[in-house]
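Subject: Structure handover

Hello,

Here is the structure we talked about. Please open it and keep it beside this email while you read.

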Amino acid sequence: MKHVIKRGVLAAGTSALVLAAVTVPATAIAATKSKTRSAHVSSVHSKTARTHATTAASAPVRHVAPAALTSHRTEEVGVVGHPYRAQTVTVGIAQLQRAVPGTNPMKVLGQLPGVMFQSGDPQGLDTYSAQIMMHGFQQQEIGMTLDGMPLGEMTYRNYNGTNPLQAISSENVASMDVSRSAGAETVAATNNLGGSIEYISSDPKDKTGGQINQMFGSNSTFHTFIRFDSGKLNSSGTKFYVSYMRNDNQMWKGAGEQFLQQVNAKFVQPIGERSKISMFFDWSDLHQDVYNDYSFDMLHKLGGGSQANYYNGGLSGYQTAYNAALATQGLPGGSYPAGFSSLSDPADAAYYSGGQNSVDLLGGLKADLQLTDHVKWTTTVYGHNQQNQTTWVTPYYGSPNGSAMSDLVKEPEIRRFGILSAVHYNVKHNELAGGVWYENNHYQSPMNAYAEPALVNGTLSGPLVNDLNHFSNPFANIFNQTYNTNTFTAFVNDTYHPVRNLDLHFGFKSVLSTTRVGNGCLNSNYYYGIGSASACEGGAYYANTEGLSASQAITSGTGMTVAKPFLPHIGIAYRFLPGHEIFIDISENVHTYAQSGYKLSTSPFAYTQGAYDTGHYRPETAWTYAIGYRFNNRMISASAYAYRTNFNNRLQQVSTGSIINPVASVANVGGVTMNGVDAGLTIRPIRGLELYNSISYNHATYDQNLTTADGTYNTKGQQVVNYPRLMYKARLSYTWHNATAWIDGSYMSARNFSYVGDVKAPGYWLANLGADYKLGNMGNYIHGAGFVQNLVFSFTVANLTNAGYISTMGEGGNPLNIANGAMSYNSFMIGAPRQYFGSVRAEF
């Protein structure tokens, strides 16, 4: 969690990756969006749909076979507004409910072929370690929306949105549309090089009622969800819901707490039979101690359990951290814990504490209007504010009160608003659409320093600082930047149906995004301890922590524009026999420049003015070519998907110099070529029994060697960092009457940790086991208890074999090679051991 960047390290988020989601596991996919919807389908499809409906009671998922379109589209009613998504799959509420209550919905997506989800905690709620990658693309390159509202890049310290976890409670997610390749041109995102994940919130129910979920688990995990649905309040159908969620748990290693509470509300007002106005509101309050970053040196010498974590844990932990800080600074009385002295970098092995406090307010108003039988108009207005504090107690620099440590706190704030509007028009064999998106985002990114108490002869000079409380009154302001970004996108597309079983799609998106940086504030004197404060308040205290001389300044008073008027998307979908479909997809997309605090990302603005002035930047782009095949019937679901992606103008963070005093900049280091294939098979041989298997292969390699001021590194031909070349996933489930039991397993091959591939995380197997029992309506068992409906008890064992493995990688960047300190670089997480969860869910 250090804010400094080590020598020979490239930042996370810089490798290019591609989505090629493949087969549709029946345990993970509710339906396959293989075409633009039609109000009328062929009799063959109707029969197939009925057949699958009969098996839904015994199987957890319903597969919908690709449907044939009618030839007379001018007679269709209310079918406009469904975009072409040949490569899109949908994960529905049934699959989300199979997960442990409160689980990150992205962890459910990790069951899909070609999708990797990692986290340092078993629920996937740790926002620092949560990581999703799809076919080589990492989360910064995947567009994410909620009911169409953009959520921005999924990063720790998001600069233009929020983590989906903080936008909506998992129980309120109705479905997720996962788009392969470069996401559809209709998605409100400027980073969707690797596809998109579109969250759809559930609507209020027509009948008055509610829902309660209660879960207990290992490490004092406690999850509560309560929702009230008003039902229809009048003849026009006015309805709403409001929910409260609380998730609280202790960390599985070390001392610390992870807490999240959230309020969601949604209001729907129907207008006539086919139009409506809806409002969504979210308030999220997150307080999390985070798990420490690990290095291979720590793993080999300290083990992968709880031996090395933050020292956090009362006075004794503070004393240990204090002694380590004294040793780091070469002061009398300093010492490291037993075993730490043998590490090549004992100061970075553990810190006293690190955490995050974040409060989000997100709201949107949407008008969904069916103007005629052929014209639909949707418009959404939204606003979002996030106030964030991420902390790290540094052992390198003390506080003015004489303490050997101080708390560095990055305190970014986001204030953004926007509008989306689109018109869909069906005429004859064409489905035409056009739309625009505008957003203004005001982002501030300061870092401040707060005092930690001094410790003399075991006595504290003040109370211990709790990183989960909100900070105020810093003793120094280290740096600050103010970003203002205006984004405008527009799209036009047409899906043409020359015959009922063939879709020909062409569309394009235009992107215009301008970011200006003002009020750059960097306290060089503060760093060097020479005289009084200059740009930032706080006085002369620290030595240089950011690799700056007193004459250097952070980038300020400048701006950059990304203008891409034509980003095409071409698609073909052909349903040639009942249940069979083949599709081809070709698309280009762009990633606008990121924003962040000083040296926290690959943003060209996040470095010195001198580095910015000498840099030559072009936005990252990607072309993706894909071909896929699907087959669905009552007994078998099979699919294959092959893809190629050419990623250009890859921006990476390059560091040279010493570990503690690096010189960092952003460089255009070329491209990545990715070729991959996924294949999957789900069989349902008898009623209630389902077996799913999938395999994914991804060959994603760098096109050029990397040249820095220190020399040339042999990255050409190396697999991209953090993503495996091979993944295998399997799941067996059986439903008998009201009981369901399942077991799943997955294999992940080795992953490159260093860019030249001389340090790798080993491959591993992981298994999970679960069962649930549905009692249904309690009135069938207890007289007068009929108001309790859909009562479900469930039990889950995560990491069944208690496997030790490396989960998240690259959260703090990736090293170049062993010679540049790859073994001692702290930037991966240890996966959680075996965990147990039990829950009860009921509706009223």
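**Overall picture**

The protein's secondary structure consists of eight helices and 45 strands. Both are DSSP runs, numbered from the N terminus: helices are H or I with at least four residues, strands are E with at least two. This is a predicted model, in which local features need pLDDT of at least 70, side-chain atom pairs count only at pLDDT 80 or more, and totals for chains, interfaces and linings use all residues. Residues are numbered from 1 along each chain as its sequence is written, and side-chain values use heavy atoms, with hydrogens and water left out.

The protein has 844 residues, and 61% of them count as buried. Buried means under 20% relative accessible area; exposed is over 50%, and partly exposed is in between (1.4 Å probe, protein chains only). The exposed surface comes to about 28,700 Å². Carbon and sulfur atoms supply 59% of that surface. Areas come from the Shrake-Rupley method with a 1.4 Å probe, and for residues only the protein chains shown count as cover.

Now the contacts, meaning heavy atoms within 4.5 Å. Take those between residues at least 6 apart in sequence: 72% join residues at least 24 apart.

**Aromatic rings**

How many aromatic pairs are there? The count comes to 33. The rule covers rings of Phe, Tyr and Trp (its six-membered ring) with centres within 6.5 Å; planes under 30 degrees apart are stacked, over 60 edge-to-face, and the rest tilted.

One of the pairs is Y294 with F828. It is tilted, at 6.2 Å centre to centre and 50° between the planes. Y294 sits in the loop between strand 15 (275–289) and helix 5 (296–302), and F828 in strand 44 (residues 828–830), so the pair ties together parts 534 residues apart in sequence. Both Y294 and F828 are buried.

Next, look at Y351 and W392. Their ring centres are 5.3 Å apart and their planes at 90°, so this pair is edge-to-face. Y351 is in the loop between helix 6 (314–328) and strand 16 (354–370), while W392 is in strand 17 (residues 375–394). The two are 41 residues apart, and the pair links distant parts of the chain. Y351 has a relative accessible area of 5%, so it is buried. W392 is buried as well, at 1%.

There is also an aromatic cluster: Y159, Y443, Y483, F605, Y612 and Y617.

Two arginines lie over ring faces. R227 is over Y241, 3.7 Å from the ring centre. R731 is over W742, at 4.3 Å. For this, NZ of Lys or CZ of Arg must be within 6 Å of the ring centre and within 35 degrees of the ring normal.

S275 is in strand 15. It is buried, with 12% relative accessible area. Its side chain reaches the backbone nitrogen of Q370 at 2.7 Å. Leaving out residues up to four places away in sequence, S275 touches P270, D368, L369 and Q370.

D678 is in strand 32 (residues 672–683). At 1% relative accessibility, D678 is buried. Which side chains does the side chain of D678 make a polar contact with? One is H135, at 2.4 Å. Another is S696, at 3.0 Å. A polar contact is a pair of N or O atoms within 3.5 Å; within protein, one must be able to donate a hydrogen and the other to accept it, and residues adjacent in sequence count only if both atoms are side-chain atoms.

Best wishes
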